[in-house]
Amino acid sequence: MSKTWKLIRIMLKMQYSRVGKKNSQTILWIVALLFLLPMAFVYISIVRSALTAFYNVLEPLGQESLIVGILLLSVHVILLLVSFITILNAFYFAEDIDSFIPFPVQPYQLLLAKSAGPMIYLYGTAALFFLPVFFIYGGVSAAPILYYIAGIITFVLLPIIPFTLAGIILMFIMRFVNIAKNKDRSKVIAGISSLVFIVLINVLIRLNTDVDAIMQNAAMFIQEQDGLLRWITAFYPPAYFGTMAMTASSLWNGFLSLIAGVVLHACALLIFIWVGQLLYIKGVLGMGTANKSTFSGAKLSRKTSVTPIWLAYIKKEMRIIFRTPTFLTQCVITSLFAPIFLIIILFMDSSSGNIGGLLDGLSGKHGLLILFLGSLLIVGSNATSISGISREGKSWHANLFLPLNPKQILLSKIATAWFINLIVIGLAVILFIFIIKIEWTLFLIWLPLVLLASWFSSALGTFLDFLQPKLNWTDEQEVFKSRMIGLIGIVVQLGIFGILVLLIWNLDFVNGIYMTAAILFVLVVIAIVVIHSLIHHKIKQGQHQTI
C-alpha cells in the first residue's frame, strides 16, 4: 500500500496546495463565516424543533429508532447523488490522469488514490446532514455513550457504500463509452446519462408507490418494536445495521449489528477495488480517443463572418462550456439537478397535477419573499459565474494583447452566466405554470425579479472570481476543486438578502405584494449597481493586468 499512500499524498497536494494563492482570500473566508454563523444557528434550531416533535410522536410507540433509520437512508441517497458527479469528474474528466498512467502502479492503486479527493467532499456533505441530527437525537433521547461510539464509527463508514456503488456503475458505463471513439462527445453523453439514470430511478420508485398498501403495512409494522425500522430499511441493509448499532437496547445486538455493518462495507470496498482493477484503466484509455472535425467552405465562411464583439465573446464562452465536458457538467448539468428533482417530486406526488394550494397559507407578500430567496439560492449555486475568469487558465493574459476593453470581457462573462441561468429559470417557469400553478400576479412579479436577481448573482460570482482566479491549473477540475468561492458567493447573497427579507417579513407597514415587489426590485437594482461599481473600480486599478 506504500505506492497507494504516495499517490494519495501527491494528488491531495496538487489539489489543496496553497502555493501561489493570495492571503487576501482569508478576508473572503471571514466575511463568509460571519454570514454563515447565523444561518447555521437557524439550521440547527429548525432541525432540533422538527426532530423533537418527531421523537415525541414515535417514542410512545417504541418506534423512535425510525428517526435514525430515515436519517441514514436520506444521507446515503444524497451521498450517492454527489458520488456520481464527483467520480465522473475525478476519475475520467480530469486531465492529470494521463500523467499517472505510465507510473509503475496497479490500476486499483491509481483508483484508490483518485478516490481521496471525492471522499473528502462526501465526508463534508455527510457531516452537514448527519452530525447535527446525530447529536440532537442523542440529546433528546438521553442516549448512552455507546450510542455516540457506534455513531462515530457509522459516520466513518457512511460514504463507502454510496461511493463504491456509484463507482462500479460508472466504471461499467465508461468501459463501453469508448466504442463511440469520440472523446468529447463520449464525456458529455456520460455526464448527461448519469443525470438521466438518477432521475429514472426516482421516477420508477414513485410509480411503484401504492399509498393504500403503504398505510396497511405501516399499521401492521407499527405494532412491533422497531417494526417500522425493519420495514423502511428492508431494501437497504447498511441503513438497518447502522441504526441497530446505534439504537439497539441490547449491547450484544448493537455489537453484532456494528460488526455486520463493518463487514458489509469492507466487502463493498473489496468489490470496488476488484472491479476497478479490471475496468478502470480500460475506460480511461478509451476516453483519450477523439475524432477530428472537418469544415466545408460554406461553414468556414459562416464561422468567420463579422460579429459584434460582445456577441462573439458570449458565443466563444458558450462553446467552451458546452464543448468541455468538465465545464458542461459543473456549470450546466449540476445546476439542473434541483429543479428537475423538484418537478418530478411535485408532479409524481400530485394526483391531479395541481397543487396550487402549496402557497395558499401565505399572503402574497410572504409567498413572494419565499420564492425570491429560493430562486436566489438556485441561481446562486450555478458555477458558471464563479469560474468565468478561471476557465481561461493561462490563456487569460492573451486578452491583454487583444483590442478588447476589460469591461467588455467581464460583461460578456456575466451575460454568459446569466444565459446559462435562463435554463434553470425556464424549468422553474414550467414548474410554476403547469405543476404548482401559482397565481398569475405572483408569477408575473416573480419572473422579472428573478431575472434581475440572476444578473446580480452572475455579477457577484464574476467579481469574486476576478478577485481570486485560479489560472495555473493543469486540468479543468482544478477550477472547481478546493475552491470555496462558490460557497462564499451563496453565503454572501443569502446573508445580505436573507437579512433584508427577514426585515421586510416583520415590518407591518410593508403590506401587500406590490409594495414588497417594489422594495425587492429597488434592493436588487442597488445591489447590481454596487457590484458593477466594484468591478469597474478593480478594472481602473489594473486588477486584470496583475492576476
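Here's a quick tour of the nonpolar cores, aromatic rings and cysteines in this structure. Keep in mind that you're looking at a predicted model. Its largest nonpolar core has 71 residues, and a second, separate core has 59. There are also 23 aromatic pairs to explore, but the disulfide count is 0.

**The nonpolar cores**

- Start with the largest core, where Leu-368, Phe-372, Phe-432 and Trp-446 have the most contacts inside the core.
- Seen by element, two or more residues each come from helix H14 (309–323), helix H15 (325–348), helix H16 (364–380), helix H17 (406–436), helix H18 (440–467), helix H19 (485–506) and helix H20 (513–540).
- The top contributor to this core is H18, which gives 14 residues.
- Zoom in on Phe-432: leaving aside residues up to four places away in sequence, Phe-432 touches Leu-371, Lys-437, Ile-438, Phe-443 and Trp-446.
- Now hop over to the second core of 59 residues, which is separate and includes Leu-72, Leu-79, Ala-150 and Val-284.
- As background, nonpolar side chains in soluble globular proteins tend to be buried together.

**Aromatic pairs**

- To describe a pair of aromatic rings, you give the distance of the centres and the angle of the planes.
- Phe-91 and Tyr-280 make an edge-to-face pair, with 5.5 Å from centre to centre and 65 degrees between the planes.
- Phe-91 sits in helix H3 (residues 65–93) and Tyr-280 in helix H12 (residues 251–286), so this pair ties together parts that are 189 residues apart in sequence.
- Phe-91 and Tyr-280 are both buried.
- Phe-134 and Tyr-147, on the other hand, are stacked: their centres are 4.9 Å apart, and the angle between the planes is 20 degrees.

**A ring cluster and a charge over a ring**

- Phe-134 and Tyr-147 also belong to one aromatic cluster, along with Tyr-55, Tyr-123, Phe-130, Phe-135, Tyr-137, Tyr-148 and Phe-155.
- Elsewhere, look for Lys-316, which lies over the face of Tyr-313 at 4.2 Å from the ring centre.

**Cysteines**

- Is Cys-331 buried or exposed? Cys-331 has 0% relative accessibility, so Cys-331 counts as buried.
- Cys-267 is partly exposed, with a relative accessible area of 39%.

Notes: Residues numbered from 1 in each chain as written. Predicted model: local features only at pLDDT ≥ 70, side-chain atom pairs only at ≥ 80, totals over all residues. Heavy atoms only, no water. Core = buried A, V, L, I, M, F, W, Y, C linked by side-chain atoms within 4.5 Å. Buried < 20%, exposed > 50% of the residue type's maximum accessible area, 1.4 Å probe, protein only. Helix = DSSP H or I, 4+ residues; strand = E, 2+ residues; numbered from the N terminus. Contact = heavy atoms within 4.5 Å. Phe/Tyr/Trp six-rings, centres within 6.5 Å; stacked < 30°, edge-to-face > 60°. Lys NZ or Arg CZ within 6 Å of the ring centre and 35° of its normal. Disulfide = S-S within 2.5 Å.
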